[in-house]
Amino acid sequence: MTTFKGFAMKRLNETGWVEKEVPDCEPYDAIVRPTCVSPCTSDTHTVWEGAIGDRKDMVLGHEAVGIVEKVGSHVKNFKEGDKVIVPAITPDWDDEAAQRGFPSQTTEPLGGWKFSNFKDGVFGERFHVNLADANLALQPEELSDEAAVMLVDMWSTGMMGAENADIPLGGSVLVIGIGAVGLSAIAGAKLLGAGEIYAAGTRPISVKVAKKYGATNIINYKEGSIDQQVRDATDGAGVDSVIIAGGNLENTWKEAIASAKAGGTVSNVNYLSGADNVLIPRVEWGCGMSGIKITNGLCPGGRVRMERLASLALNKRADPELLVTHKFKGLEKIEEALYLMKDKPKDLIKPIVKIEE
Ligand code: NAD
Ligand code: ZN
């Protein structure tokens with residue numbers, strides 16, 4: 001195969017199918033054929049909100065599992081035919097940012113995010129993976145494609161939101177936004193020892209999964225401000241940690257900071273778009289002296305992260321498949337799945353597309 005078909009962002013606000021040359025496989029790299037993929041809300045920010053600027057004929061998608069088609073001459077741990085989990089983020093592990101402990105930020109801010117950002121993504125018949133030994137993980141036989149594809153971005157990002165939130169054992173957590181990322185943050189918060197977990201969201205299907213993942217209280221953000229509802233539920237105390245995984249730039253940051261206890265942490269994983277500035281509310285932030293910390297991050301990638309998330313799933317710490325609400329079959333269905341992600345019907349959490357059994 002010298003060329004492949006892929007579903008691409010043709011330019012801002014326009015998608016379509018493209019045919020491209022299969023990329024070269026350099027000595028440390030691999031070429032993979034996807035067996036199952038899933039669109040991300042970030043793909044919709046990219047195409048329809050211009051969140052990373054314009055792109056021309058760039059194949060979309062960064063959530064995939066697949067089969068290794070080819071490895072470079074220096075790849076030690078993988079061979080043709082291996083079934084692999086492909087992290088959404090594939091850092092340059094020899095870069096100085098990786099040595100400082102920030103692999104997702106290698107070569108430039110957000111530089112570990114390559115698929116459907118700087119290079120063609122995974123919504124094609126073939127895709128290229130840099131540094132295969134560090135950026136692929138073997139997919140355990142007991143882990144289904146549906147489960148494995150939820151680890152590469154949704155679990156990795158959501159659980160990072162919880163890891164960054166400095167949750168005290170038995171402490172209280174608020175998760176704002178309960179799409180697939182916020183739900184994964186709830187699962188992560190529970191695993192990290194949270195006591196009460198408040199989930200702000202309304203989609204009935206998400207509320208159901210939130211409770212299964214460990215939410216103890218549901219807050220309907222359409223019925224009043226989130227911080228007021230959190231204060232009412234906690235006798236005015238607020239929560240130790242807040243994870244932002246949805247919402248908007250007008251209200252959400254104000255509500256997040258106003259929900260946190262003095263000294264608490266607000267951990268953002270939301271992909272911010274729609275305005276140029278994030279407004280930190282002065283009074284609620286204790287005039288800059290409340291000790292409320294603000295953290296953020298890009299999804300962790302790499303082999304070890306995937307192996308650890310797979311271990312959580314295999315040991316039944318939480319079930320990644322609960323996030324999958326819509327299943328499609330065949331590469332050509334990627335288009336429908338992406339538009340579903342854009343339109344977000346009420347019964348949707350995540351769609352997946354099975355390309356090959
Ligand atoms: P989603 O759209 O499915 O979930 C967000 C939820 O927030 C929706 O259900 C929405 O109805 C809800 N919401 C809207 N306004 C709200 C409000 N005012 N208060 C509370 N909830 C509100 O998205 P998702 O797939 O779960 O992704 C969440 C965010 O994470 C997206 O912005 C996505 O691009 C981003 N993301 C970031 C990373 C990263 O590495 N940091 C990785 C993947 C995704
Ligand atoms: Zn994503």
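1. A polar contact here is a pair of N or O atoms within 3.5 Å. Keep that cut-off in hand for the backbone of Gly179: one of its N or O atoms sits 3.4 Å from an oxygen atom of ligand 1, so the pair counts as a polar contact. Bear in mind as you look around that this is a predicted model.

2. Cys299 places a backbone N or O atom 2.8 Å from an oxygen atom of ligand 1. At Gly297, a polar backbone atom is 3.1 Å from a nitrogen atom of ligand 1. As for how covered the ligand is, on its own ligand 1 would expose 850 Å², and the protein buries 86% of that area.

3. Who else is around the ligand? There are 24 residues around ligand 1, and the ones that come nearest are Thr41, Ser42, Arg203, Asn270 and Cys299. Sorted by class, the shell has eleven nonpolar, ten polar and three charged residues.

4. Which helix gives the most to the shell around ligand 1? That's α1, with three residues. Helices α1 (41-48), α5 (151-163) and α6 (180-191) each bring at least two residues to the shell. Both domain 1 (3-155 + 299-354) and domain 2 (165-296) are represented, each with at least three residues around ligand 1.

5. As background, nonpolar side chains tend to be buried together in soluble globular proteins.

6. Leu131 has a positive phi, near 45°, although it is a residue other than glycine. You'll find Leu131 in the loop between β7 (127-129) and α3 (132-135). With a relative accessible area of 25%, Leu131 is partly exposed.

7. The other one is Cys287, again not a glycine, with a positive phi of about 50°. Where is Cys287 found? Look in the loop between β13 (260-268) and β14 (293-296). Its relative accessible area is 44%, so Cys287 counts as partly exposed.

Definitions and conventions. Residues are numbered from 1 along each chain as its sequence is written. Chains are lettered from A and ligands numbered from 1 in the order in which they are written. This is a predicted model: local features need pLDDT of at least 70, side-chain atom pairs count only at pLDDT 80 or more; totals for chains, interfaces and linings use all residues. Side-chain values use heavy atoms; hydrogens and water are left out. A residue is near a molecule or strand if one of its heavy atoms lies within 4 Å of it. A polar contact is a pair of N or O atoms within 3.5 Å; within protein, one must be able to donate a hydrogen and the other to accept it, and residues adjacent in sequence count only if both atoms are side-chain atoms. Accessible areas come from the Shrake-Rupley method with a 1.4 Å probe; for residues, only the protein chains shown count as cover. Helices (H or I, at least four residues) and strands (E, at least two) are DSSP runs, numbered from the N terminus. Ala, Val, Leu, Ile, Met, Phe, Trp, Tyr, Cys and Pro count as nonpolar, Asp, Glu, Lys and Arg as charged, and the others, Gly among them, as polar. Domain bounds come from an automatic or database domain assignment. Buried means under 20% relative accessible area, exposed over 50%, partly exposed in between (1.4 Å probe, protein chains only).
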